[in-house]
Each structure stands twice: as structure tokens, then as C-alpha cells.
Amino acid sequence: MRAAVCQGLHAPLAVEQLPDPEPGAGEVIVRVGRCGICGSDLHMTEDPAFGVRAGHVLGHEFAGEVVALGRGVERVRQGDLVSVVPIASCGHCATCRAGEPAWCEAMRLQGGGYAELAATHENQCVALPRTASLADGAIVEPLAVALHGVMLSGLQAGDRVLVLGAGPIGLGVAYWARRMGARAVAVQDLSRFQEERARAMGATHFVVDADDPVGAATRALGQKADIVFECVGVPGLIAQGIDQVRVKGTVVVLGLCTRMDSFVPFVALSKEVRIVTSAFFKRQEYEAALDALDAGSAEPRLLVTDTVALDAVPAAFEALKTRTNQCKVLIAPGE
Ligand SMILES: [Zn+2]
Ligand SMILES: [Zn+2]
């Protein structure tokens, strides 16, 4: 099979021929229909903290058709169209049974979606409803990550919400926050590239003000935010969120920042700010995100700004490392 393969840190991906994967016990082989390029994939090729080496195939946001079954597979059949939950786990411990495979001791991140074929465990396959496309199946994961952050925030109907960062996670947060009753949702970014998309996803305001980011957001919302979602992941934004939230408000950190960051604890303490971090999602949230797409909610589909064939992946991947007007780019390995 063909795959876009990691060539080591700071090197562009390369399309190579690899042996077809064989399904182990309990595993299935999925012919990848669509796979999203995630911001964390970009991080993984730039930061040694993730331990990704040459020869690795990235890609955890994928959906496709089941084309082969390993020994003992019971729940999934050949020909099924599935969205793959990208977290492998033991499947029977207490956290797994509670729908939180991310915190299983045997947890392993699924990759392999930047390829024509990928092996995964049958327990990770969620059947695509008939109204959902393979592209829908590939955007479930970022939507589930966003939903998890909103669930952890304790959002109440009528809240005023500020989202820092208009990438797929930020826009996913805007979508869920508005759907769950936020009175106002301001999305703040450094450019207006995603303004229209943000408004279509649920944002009521879009804020760009490099000189006075704190004041501009407060003016847009009419007061300091009840909840700030940090969806960028660069140093300084947690401090900014603490400035932008009201007394006893909540700052939810979703951005993947792998560098040292700092804030003045007294600023947070003097307002009793609650700081919450959010990683991954529950199984139930993954299913709820897919269900939202099935129920005909078209807005999340607006996240997808481009679909590229495998040969175009190395260039598309490099382009996403710079400031771009893309939102979510999907790979179509079979096209
Ligand atoms: Zn992702
Ligand atoms: Zn487990």
C-alpha cells in the first residue's frame, strides 16, 4: 500500500510503498476513505516530546471501509463503513468500561491514517450512520475533543463564552457552546481568515485586535467572559485567558503547548479563576459528535476547507505549518 511516511523531526513527509498491514487478533483492516490532518500531527514532526520517529505513519482522524477481519472479530463485518476512535485500550478495565479509554493503563494512540490501509481494533470502530459521509467520519474526532472541553467547562445556558483560536478545535467549541445554550460566543484570532466559517459554526462575534486583545473581547461580549477556551497552544494565552475571564470564571485549556509558559498566580487567585485542562474525549462524546452529524447538522462540515490525494500530502502538510487560511484539510488516500 501507499502511505505518507514520517521522515524524522523537521523533515517533510514522503509518499512510500509499504507492506499491507495484517490484522492481529481482534483487529480489522480499514481502507481509509478520509483522514484529517490534525494540528497535533504537525506538532509531532517538530517536537521530540512526542517520540515520533522516521518510518511512522501519522493520522488519527480517519474513517473508511472495513476490508479484512482478524481472528475473533465479532462486532464488525467486512464492508462496514466506520469512523475510528483513535485511542487503543484494554477494553475491560473500569476506565474503559466508563467510556474513558484515554485513561486506561494500556492506552495507545492510534495512527496510520495517512495511508491506503490501516489496522485498528474492532472496539475502536463506530459504525457510520447512513446519512454520514466518510468525510463526516473523519471530522468526528476534533468535534469530540471540542465537546469534551465544553462538557468540562460546566457551561450554563446564558453564559458568555470566549474562544481563543479559530482553528478546528476553536470552531468546534463555538459550535457546541452555542448549541448548549451560550448567549454569546466570541471567537478571537490574529486574522479574519475564519470569520465567516466561525459565524456559520455558532460564533456571535469575531474579534481581531492585536493591540488590545483583552479589551476588544470584553467589549464584544459586553463584559468579561464566563468561560474562556484556550484553543491555540502558544505561551502567553493562559495568562490572556485569565485576564479575559470574569471573577470566579473558568479557563479551559485545550491548546497543545509543549513549551514553558507562565502566568502571575495572583491575577488568577484574586478572581478565584478555575483553570481546567481538557484532553481527548469520552467514548460517549465521540458518539454524540457523530450523532450530531447524522441528525443533519451541517455546520461542522464547514470545517473542511480542502481534500487532497496522497501524493499531495507532503506539500499540504508543510503548508499547514505556516499561517494559512485552511481550516481542516482531509486526505483522500484512494483518490
Ligand atoms: Zn486530532
Ligand atoms: Zn482499559
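Is His60 buried or exposed? In this predicted model, His60 counts as buried, because its relative accessibility is 9% and buried means under 20%. His60 is one of the residues that coordinate the zinc ion (ligand 1).

**Zinc ion (ligand 1)**
- The zinc ion (ligand 1) is held by Cys38 (SG), His60 (NE2), Glu61 (OE) and Glu141 (OE), at 2.1 to 2.6 Å.
- Along the sequence, these donor residues follow the spacing C-x21-H-E-x79-E.
- Cys38 is buried, at a relative accessible area of 14%.

**Zinc ion (ligand 2)**
- Cys90 (SG), Cys93 (SG), Cys96 (SG) and Cys104 (SG) coordinate the zinc ion (ligand 2) at 2.3 to 2.4 Å.
- The spacing of these donors along the chain is C-x2-C-x2-C-x7-C.
- The site is tetrahedral, with angles of 105 to 116° among its four donor atoms.
- Cys96 is buried, with a relative accessible area of 12%, whereas Cys90 is partly exposed, at 27% relative accessibility.

**Helices H6 and H7**
- The axes of helix H6 (residues 213–221) and helix H7 (residues 237–244) come within 10 Å and cross at roughly 40°, which makes H6 oblique to H7.
- The crossing of H6 past H7 is right-handed.
- Pro213, Val214 and Ala217 in H6 meet Gln240, Asp243 and Gln244 in H7.

Definitions and conventions. Residues are numbered from 1 along each chain as its sequence is written. Chains are lettered from A and ligands numbered from 1 in the order in which they are written. This is a predicted model: local features need pLDDT of at least 70, side-chain atom pairs count only at pLDDT 80 or more; totals for chains, interfaces and linings use all residues. Side-chain values use heavy atoms; hydrogens and water are left out. Donors are N, O and S atoms within 2.8 Å of the metal (3.2 Å for Na, K and Ca); water is not among the atoms, so sites may look incomplete. Four donors count as tetrahedral if all angles lie between 85 and 135 degrees; four count as square planar and six as octahedral if opposite donors are over 155 degrees apart and all others between 65 and 115; anything else is irregular. Buried means under 20% relative accessible area, exposed over 50%, partly exposed in between (1.4 Å probe, protein chains only). Axes are lines fitted to C-alpha atoms, for helices over the stretch in contact, and angles run from 0 to 180 degrees between N-to-C directions. Helices (H or I, at least four residues) and strands (E, at least two) are DSSP runs, numbered from the N terminus. Angles under 35 degrees count as roughly parallel, over 145 as roughly antiparallel, 65 to 115 as roughly perpendicular and the rest as oblique. A crossing is left-handed if the near helix is turned anticlockwise from the far one by less than a right angle, and right-handed if clockwise. Contact means heavy atoms within 4.5 Å.
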